[in-house]
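Subject: Structure for you to look at

Hello,

Here is the structure I promised to pass on. Please open it first, then read my notes below.

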Amino acid sequence: MQNINNLSFGFSDAENYKRRENKEFFNHSFIKNQSLDKLCQSSTSFLVGDKGTGKTAYSVYLVNNTYQNNNASLRYIRETEYQKFITLKKKNS
């Protein structure tokens with residue numbers, strides 16, 4: 001068992017894991033599950049959600065690694081663009 005002072009919880013923002021020196025820790029601690037598999041389906045085009053729900057973490061993992069032959073890139077959108085996505089989602093629900 002480790003002393004709590006020796007534990008590393010990493011960065012609070014997954015964007016920091018795009019840097020080469022941080023990739024190994026992130027790859028070791030990232031949990032690959034059904035959500036990642038669903039995100040990699042060809043029918044998925046966008047990943048939207050509230051702040052802190054893991055959107056950047058999924059994106060950074062896919063940018064840093066080859067997973068199910070996906071070629072990922074990370075694009076940030078502004079709050080106003082995000083609101084447009086939410087409006088479209090509500091209209092189509």
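Leaving aside its neighbours within four places in sequence, which residues is Asn-22 in contact with? They are Phe-11, Asn-16 and Tyr-17. Asn-22 itself sits in helix α1. Its relative accessibility is 14%, so Asn-22 counts as buried. Please keep in mind that this is a predicted model.

**Helices α1 and α3**

Next, look at how two helices meet. Two packed helices are described by the angle between their axes and the distance between the axes. Helix α1 covers residues 20-29, and helix α3 covers residues 55-64. Their axes come within 11 Å and cross at roughly 115°. The two helices are therefore roughly perpendicular to each other. The crossing of α1 and α3 is left-handed.

Which residues make the contact? On the α1 side they are Lys-23, Phe-26 and Asn-27. On the α3 side they are Ala-57, Val-60, Tyr-61 and Asn-64. By type, the residues of this contact divide into four nonpolar, two polar and one charged.

An α-helix has 3.6 residues a turn, so residues three or four places apart point the same way.

Helix α3 is mostly covered, with seven of its 10 residues buried. These are Ala-57, Tyr-58, Ser-59, Val-60, Tyr-61, Leu-62 and Asn-64. What do the buried residues of α3 pack against? They pack against α1 and against α2, which spans 34-39.

**Aromatic rings**

Now turn to the rings. A pair of aromatic rings is described by the distance of the centres and the angle of the planes. The count comes to five aromatic pairs. One of them joins Phe-30 and Tyr-58: the ring centres are 5.8 Å apart and the planes stand at 85°, so this pair is edge-to-face. The pair links distant parts of the chain, 28 residues apart. Phe-30 is in the loop between α1 and α2, while Tyr-58 is in helix α3. Both partners are buried: Phe-30 has a relative accessible area of 12%, and Tyr-58 has a relative accessibility of 17%.

Tyr-61 and Tyr-67 form another pair. Their ring centres lie 6.3 Å apart and their planes are at 70°, so this pair is edge-to-face too. Tyr-61 is buried at 7% relative accessibility. Tyr-67 is buried at 16%.

Ring pairs link Phe-26, Phe-30, Tyr-58, Tyr-61 and Tyr-67 into a cluster.

Most residues other than glycine have a negative phi, and most peptide bonds are trans. Gln-68 has a positive phi of about 50°, although it is not a glycine. Asn-69 also has a positive phi, near 55°. Gln-68 is in the loop between α3 and α4, and Asn-69 is found in that loop as well. Are they buried or exposed? Gln-68 counts as partly exposed, at 47% relative accessibility. Asn-69 is exposed, with a relative accessible area of 75%.

**Helix α4**

One last stop is Thr-80. Thr-80 lies in helix α4, residues 79-92. Thr-80 is exposed, with a relative accessible area of 51%. How far is Thr-80 from Thr-53? The two are 27 residues apart in sequence and 19 Å apart in space, C-alpha to C-alpha.

Best wishes

How values were computed:
Residues numbered from 1 in each chain as written. Predicted model: local features only at pLDDT ≥ 70, side-chain atom pairs only at ≥ 80, totals over all residues. Heavy atoms only, no water. Axes fitted to C-alpha atoms, helices over the stretch in contact; angles between N-to-C directions. Helix = DSSP H or I, 4+ residues; strand = E, 2+ residues; numbered from the N terminus. Parallel < 35°, antiparallel > 145°, perpendicular 65-115°, else oblique. Left-handed = near helix turned anticlockwise from the far one by under 90°. Contact = heavy atoms within 4.5 Å. Nonpolar A, V, L, I, M, F, W, Y, C, P; charged D, E, K, R; others polar. Buried < 20%, exposed > 50% of the residue type's maximum accessible area, 1.4 Å probe, protein only. Phe/Tyr/Trp six-rings, centres within 6.5 Å; stacked < 30°, edge-to-face > 60°.
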